[in-house]
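Good morning, and thank you for coming.

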Amino acid sequence: MARLEAGIEVKTTTKPLELLSSEKALVKIDARCLWTEVLEDQRKIGAVIHGPAEYIIDAIVDTREGAMGQSFKGEIKGFKLYLGGTNLEEASAIATQQDLQRLVFDNREAFITAANTALDRLLDSCSCKIEQTQEPQQGILMWEEEGRKRNAIFANRDNTGFIQRGKVFLASGKRNVYVSDGTVILSGRHGRELFVDKGMIVEPEVLRNLGPRVSDIVNSSLADLNWRFRHRL
Amino acid sequence: MGEIDEVKKELEEVRRLKEDLKAEIEEIRREKLRRPDRERRVFFEPPKIDLSGLTESLDEMMENIQEQIRVSLRGVKDLDRRIETRIFREPRRKREEEIERIPPERVARVISPLGSEERLKILHYLRDGSKTFNELEEHTSRIGSSLTHHLQPLIDAGYVIKGEARGTYYVTVEGRLAYRLAQWLTSRLEQEKPHDTYREPDEPEDKEDEARRWL
């Protein structure tokens with residue numbers, strides 16, 4: 001796989017934009033964010049973005065016995081990597097010196113260097129390959145938070161995923177995974193449901209297999225997104 | 001929130017309900033025995049309440065819950081046996097004491113969010129799956145703040161949860177349970193009422209009865 005690298009042009013968003021959108025996820029970026037394209041073999045496949053963004057994930061699983069889970073909201077500061085379809089271009093203009101300095105970059109080169117560093121850091125030990133162009137608002141967003149690299153939100157027509165420190169959520173048709181704060185909910189295509197809560201399952205075999213099971217489901221959904229995401233959860 | 005904790009809560013609620021009803025029935029019986037014969041004859045015969053039927057229904061409900069857990073955990077080694085041991089063998093006396101200690105304000109916190117036909121309609125509608133605010137408006141014929149007025153107590157009580165991304169509303173495990181128990185209570189109380197005294201609120205009074213009263 002060719003190395004992903006930042007482009008040479010820096011742009012700024014002129015209005016707020018929905019970067020990712022699905023039935024259960026929404027990621028918005030503010031006006032005046034700086035960004036540059038991400039290229040793979042000179043092909044545009046996404047963007048490295050710097051500036052305020054916020055997300056809302058409805059990590060709610062509707063089971064036979066009622067809904068479980070919660071909505072997660074948060075801000076994403078600093079650099080983030082977006083790979084997928086986007087309307088960023090239509091909502092942006094070439095960044096001026098003033099735009100760059102507002103986010104404490106001396107000039108365009110300083111931003112590109114920082115973007116490449118962020119790109120390398122975010123893709124360390126992870127390889128991504130795009131099979132086809134994604135629709136706007138469908139793709140994957142990765143960012144660093146408190147030194148942890150593997151924060152991600154991905155969304156397309158049928159799948160929504162969210163991986164953050166101690167939290168995993170996936171909605172993929174009738175398959176759902178929810179892991180947060182000691183609670184695990186797995187539901188499958190054929191109506192099978194498994195709930196594990198703090199201290200309620202003491203069977204070590206079950207716990208040992210949970211990680212791979214969650215990982216398998218998340219990875220197969222990412223495959224549906226036409227991504228190869230070789231990550232251990 | 002774990003299913004097992006919810007089932008535990010569910011069972012506790014069912015048992016509390018059963019014990020409350022049992023205590024009330026005993027109280028009615030004691031009251032009846034205390035009254036002098038003459039006085040008793042003045043009043044209507046109190047409705048007979050078949051406690052054995054009540055007990056059977058509750059036991060059946062608990063068995064169903066137990067079966068649901070077993071089905072969910074089937075194939076997960078011998079976990080179902082462990083769950084059964086953990087949930088269904090609490091000391092009976094301890095449970096009874098806990099139930100007796102529940103103060104009215106705590107009961108009100110659980111029951112009062114259900115105290116409106118509109119809210120019950122919302123819970124009933126959400127049983128089919130999540131709904132948007134617009135869908136709820138259409139279903140209840142209430143719009144904007146009028147619908148919010150009914151939704152908010154259900155959300156505050158934890159019976160309904162709102163997905164913030166799209167403003168989608170879901171009925172929670174507690175909400176389903178509360179609604180199911182409300183239906184069950186309705187069914188039982190209607191069964192116990194003498195048929196000649198029960199009338200739908202909007203049912204027109206019999207013209208003949210009305211005329212007789214005026215005479």
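I begin at a turn: Gly173(A) takes a positive phi near 60° in the hairpin formed by strand 14 and strand 15 of chain A, where two residues lie between the strands. Residues are numbered from 1 along each chain as its sequence is written, and chains are lettered from A and ligands numbered from 1 in the order in which they are written.

Strand 14 (residues 167-172) and strand 15 (residues 175-180) of chain A run antiparallel and are joined by six bridges; two strands count as paired if DSSP finds at least two bridges between them. Within this pair, Tyr178(A) of strand 15 is opposite Phe169(A). Strand 15 of chain A also runs antiparallel to strand 16 (residues 183-187) of chain A, with five bridges between them. There, Ser180(A) has Thr183(A) in strand 16 as its bridge partner. This second hairpin again has two residues between its strands, and Asp181(A) takes a positive phi near 50°.

Elsewhere in chain A, four strands form an open sheet in the order 3-4-7-8, with antiparallel pairing. Strand 3 (17-21) and strand 8 (66-76) of chain A are at the edges with a single partner strand each, so one side of each has no neighbour in the sheet. On average, neighbouring strands of this sheet are turned by 15° against each other, direction ignored. Inside the sheet, five bridges pair strand 4 (residues 25-29) with strand 7 (residues 53-63) of chain A in the antiparallel sense, and Leu26(A) is opposite Ile56(A) in strand 7.

I turn to chain B. At what angle do helix 7 and helix 9 of chain B pack? Helix 7 (residues 117-126) and helix 9 (residues 145-156) of chain B pack at about 65°, with their axes 9 Å apart. Axes are lines fitted to C-alpha atoms, for helices over the stretch in contact, and angles run from 0 to 180 degrees between N-to-C directions. Helix 7 of chain B is therefore roughly perpendicular to helix 9 of chain B, a term that covers 65 to 115 degrees. In the contact, Glu118(B), Arg119(B), Ile122(B) and Leu123(B) of helix 7 meet His150(B), Leu151(B), Pro153(B) and Leu154(B) of helix 9; contact requires C-beta atoms, placed from the backbone, within 7 Å.

Chain B also has an open antiparallel sheet of three strands in the order 1-3-2. Strand 1 of chain B pairs with strand 3 (residues 168-171) of chain B in the antiparallel sense over two bridges, and Lys131(B) has Tyr169(B) in strand 3 as its bridge partner. Helix 7 of chain B packs on this sheet and touches strand 1, strand 2 and strand 3, its direction making about 90° with that of strand 3.

Finally, confidence. Chain B has a mean pLDDT of 74, with 61% of its residues at 70 or more; pLDDT is the predictor's confidence in each residue, from 0 to 100. Over residues 38-59 of chain B, pLDDT stays under 50. Where pLDDT is low, the predicted coordinates should not be read in detail. For the complex, the predictor gives an ipTM of 0.76 and a pTM of 0.66.

Definitions and conventions:
Predicted model: local features only at pLDDT ≥ 70, side-chain atom pairs only at ≥ 80, totals over all residues. Contact = placed C-beta atoms within 7 Å. Parallel < 35°, antiparallel > 145°, perpendicular 65-115°, else oblique.
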